[in-house]
Amino acid sequence: MNQLDAALAARSFRAGRGVRSASLRHRRLAPNPLALVFWQLGGEPFSAAAIGYGHKRQNLRMVVAGDPRNRDLAFAALLKFAGWFNQRFEVAAGYREWIQEEGTEVSSNAPQVIVANEASVEMIGRLGRRLAYLPTDGPKAAPPELIRLGQHFLFLHRHSRVAGQQLVVPLTDFLSQHWVTPQSAFEQQSLGAFNSYIAPPAGSSGFHAAAESERDSLGPVPSGDDDQKLEPLVDRFNLRRGQATDAVTVTPLLIPIENHYRPLIQHTWTQVWDCRDREASWLEAPSVERRWQSDRKAYTQHIDWTAKNGRTRTRQTARQAAVRLRTLEDAKARLQAEEACDDPVKMIPYILQNKAVQGRVVRIEADRRERINGRMLRRPLVTLLSPDACLVPRGKELWWTGSPDGRSYLIHDVQPDPSGGCLVTLKLTTGSTATPLPAAKSQACFSVHTTTKAWFANLPPTEPWSHRPPVGEPPPAPIEGENPL
Amino acid sequence: MTPQDSSGVYDPAVMEAARSVANTAIQDFVSRSDSNRGVVVTAPAGSGKTGLVVNAVGAARRQKFRVAVGTPTNEQAFSLVRRIAVDHPGETVTFVPASDISLPTYASQLSNVQQVKASNANGAGVIVGTLSKLGDAFSRGDLGEVDALLVDESFQADSSRYYAVGGLARLHMLVGDSGQLSPFSTIDDPDHWRGLPEDPLQTAVGVLLRNHPTTPVYKLPITRRLDSRAAVVAQAFYPDLRFSAAVMPGVRQLRLSPAISNEPRGRLIDRALDGACKNGWAHVELPTAPSLTADPEIIDLIAGTVDRLAQRGPKTRCESKTTWSDLPGARVAVGVSHNDQKDLLRSRLDSMGHSDVVVETANKLQGLEFDVIVAWHPLAGLPEVDEFHLEAGRLCVLLTRHRHACILFGRASDRALLDAIPPTSPAYLGFNPDPVYEGRETHESVFVALEPHRLTR
């Protein structure tokens, strides 16, 4: 927790409601997201017992498996869901536009999946892992739609690790990037409790509203009470169906189980859409578009890869892991930089950590020159009057938030000011007159954040001898398929 | 220094043992060039690893091998360029810089150093660069294969950087200090790959030994930087590497003008300074108190200690300068764990006129050497412990930078933290060490080793 969050948590506690830690909305909230609500059995995390889904608040659909521990029943439910999901997830890939800076065609739009919490993203990952690698032939051949669903889910789960991505939005995480409450990170994983603290009903305090909401599970893990009510229903369902798993026999028998899940799903559904609609009303930050474009690119690559029957390894090669690490590091650094440069509130922690300095521009020496390698070159100076003491060391490289992708400045001098603050002089590291300078008398902020794309070292295409054993490891035995346990 | 001069200064048995291990390792390295093969050399802090790398370059050149030398950072590459060029005046050392990087004057002014683009380095006998730059040039095809690759600081180099240069040569020599900070990443779940062979954050040595377990590992049993008083404590950081100090006891001496303050804070500082002079260590333990990361009381005491040290006219003598000479501020460093500790101390020391004293985090102090270190204990005043603060490498860096003395500041609660319930640490298949548990053990044995030097108010 940074100093700002600590101060805001105290303020939120006193106010009895959530306090914003951002003045803008730093994630895209698409107009018609694919909202998903999952329920599993307490002891079976690799199957969906019930799924609620839809792309508008008004048209919630749901599917239940009956007994998700039975492979045929679980897959039948997922297949029905896949029929809806796959088509909606893939449709955006049909419309492309040329993006100059990517040097490639990218889908003009991309689907956005919204879920209640991080646990739902993990559920998506587990289902994806189970479905994506099913056999397509032999006695246990799986329908291709199910495998495609698995591939999409695996992609979403993998992409969810990219900082600032917006293809799958767990709302609890979305909220924690924009709001502060005194709740712990664990407590904030309950969307109901977090939501209630942020906006408690009139007349009640966030603390009590959150305590009340915390009783309800929003999925995918059920509360013990809910599963206890479910158990006799599943037992009766199994008794009445015998060995049958066909739709004609099973569908009418599912009604009591559907009735069990309907209010649970409806409750989560309402929370998800209330939260989404409230947050969508905040103004979107400028850099969201850049990240959305990079999401679209990832989505396009995924769709194109699966379209030509490309497979995804369950385990990365050393090279893939190395590239992945750099990609994730770069995404995180750029996200932090973009958020801080977009939003003065997001910059405050960096000012407190001496990673940024802000103040009023009191002097600009645009035509100042200095001798560099024997030549007199233009090196403009900008002096800020900062209201705070400045502990940023001399020589530190900073970027003006007005042009975070431009050339850097160096801290040239720091002098105390009689007002109690200090005068910070920064030197631009280029003589080019095309580089903009902040305006005199304006408020300006310089920080360690730059949005320039980081340099990526190339990696050799073939694995070096140091990174592979002299004799390869044998492949693991198949998990599902010809060799059931 | 001639052999006669060194009698009584260096421990001949320690010197001979180290020379023998180094020579065997280098012989092993250059003896074969027909197959993919690695040699690993691990060494404690200040063992003269760079010297070994320089000698190995010389031995490889005598076999007419073309050699590439890679390091994790630019600064390490600069100093290697200079060392190799000075020690091997007959060789041209070719530095391959990344864009916007160039050699500092101390290296570029040497007549046998050249700085060229990667595509112009083919055919050069000795090529030096960062692992990323050499790897990038190799994978683009700008730089062709060479006969032998040396990687310095290979416990700091992560597997992904080593991957880039792995194909550059069939012979590898990986040299490093296993006690230093492990590779780290800023991402949210850096443990994602932990235990898997593809883990990009394991060390270069780790990935080589994992895939080629028969790779010979040589252990340098010497520290040249630390004297015997410091080596006893430092041994805790190297459970499977026994080593001894090269200099004989009493050769390193720090002297202060006698003084004792008449107020309690000053007396504590003077006692710490006197203890550090006499024993090489002082561990100042403040009373238990909840505190911020940037604990104002410790900032005040560290700044006060640096200031008082300067006031008391510090003089040193050692194996390379046997007459008393003044200790300049630039040979004193303050080591911390967090940037806000650094920023506040920097500003305080500047305002007291000690701008020449270095203040840095452990990460930045790696590989550097000073005469006196004032260290801020990583656990000082923490309400609970975590992997970052328990990492043994952090404490190791802070306690092994000094040639003469180290003064450590912490709180009484620091030791109690280790007695409390340890933090939960997940287990990873295929990953044996438990950094949290082992960090805890190491911290504990360091406290025990420092017990004779503990001072309280």
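Trainee: At what angle do helix α11 and helix α12 of chain B pack?
Mentor: In this predicted model, helix α11 (residues 296–311) and helix α12 (residues 339–351) of chain B pack at about 40°, and their axes are 10 Å apart. Helices here are DSSP runs of H or I with at least four residues, strands are E runs of at least two, and both are numbered from the N terminus. Axes are lines fitted to C-alpha atoms, for helices over the stretch in contact, with angles from 0 to 180 degrees between N-to-C directions.

Trainee: And what do we call that arrangement?
Mentor: The angle makes α11(B) oblique to α12(B), since under 35 degrees counts as roughly parallel, over 145 as roughly antiparallel, 65 to 115 as roughly perpendicular and the rest as oblique. The crossing of α11(B) past α12(B) is right-handed, a term used if the near helix is turned clockwise from the far one by less than a right angle, with anticlockwise being left-handed.

Trainee: Which residues meet there?
Mentor: From α11(B) come I299(B), I302(B), A303(B) and V306(B), and they meet L344(B), L345(B), R348(B) and L349(B) of α12(B); two residues are in contact if their C-beta atoms, placed from the backbone, lie within 7 Å. By class this contact has 7 nonpolar, no polar and 1 charged residues, where Ala, Val, Leu, Ile, Met, Phe, Trp, Tyr, Cys and Pro count as nonpolar, Asp, Glu, Lys and Arg as charged, and the others, Gly among them, as polar.

Trainee: Before we go on, how is the numbering done, and what does the model's confidence limit?
Mentor: Residues are numbered from 1 along each chain as its sequence is written, while chains are lettered from A and ligands numbered from 1 in the order in which they are written. Because the model is predicted, local features need pLDDT of at least 70 and side-chain atom pairs count only at pLDDT 80 or more, whereas totals for chains, interfaces and linings use all residues.

Trainee: Okay, how is chain B divided into domains?
Mentor: Chain B has domain 1 (3–223) and domain 2 (252–456), with bounds that come from an automatic or database domain assignment. Their C-alpha centres lie 30 Å apart, and the contact takes 14 residues from domain 1 of chain B and 16 residues from domain 2 of chain B.

Trainee: What about chain A, how far apart are its domain centres?
Mentor: In chain A, domain 1 covers 3–312 and domain 2 covers 344–447, and 45 Å separate their centres, taken over C-alpha atoms. Here 5 residues of domain 1 of chain A are in contact with 6 residues of domain 2 of chain A.

Trainee: Switching topic, how many residues of each chain are in contact with the other chain?
Mentor: The contact involves 26 residues of chain A and 33 residues of chain B, and the chain A side divides into 13 nonpolar, 8 polar and 5 charged.

Trainee: Which helices pack across the two chains at about 125°?
Mentor: Those are helix α12 (residues 318–342) of chain A and helix α7 (residues 159–166) of chain B, with axes 9 Å apart. That angle makes α12(A) oblique to α7(B), and their crossing is left-handed.

Trainee: Last one, where is the cis peptide bond?
Mentor: A cis peptide bond joins G219(A) and P220(A), with omega about -5°, and P220(A) lies in the loop between α7 (206–213) and α8 (224–241) of chain A.
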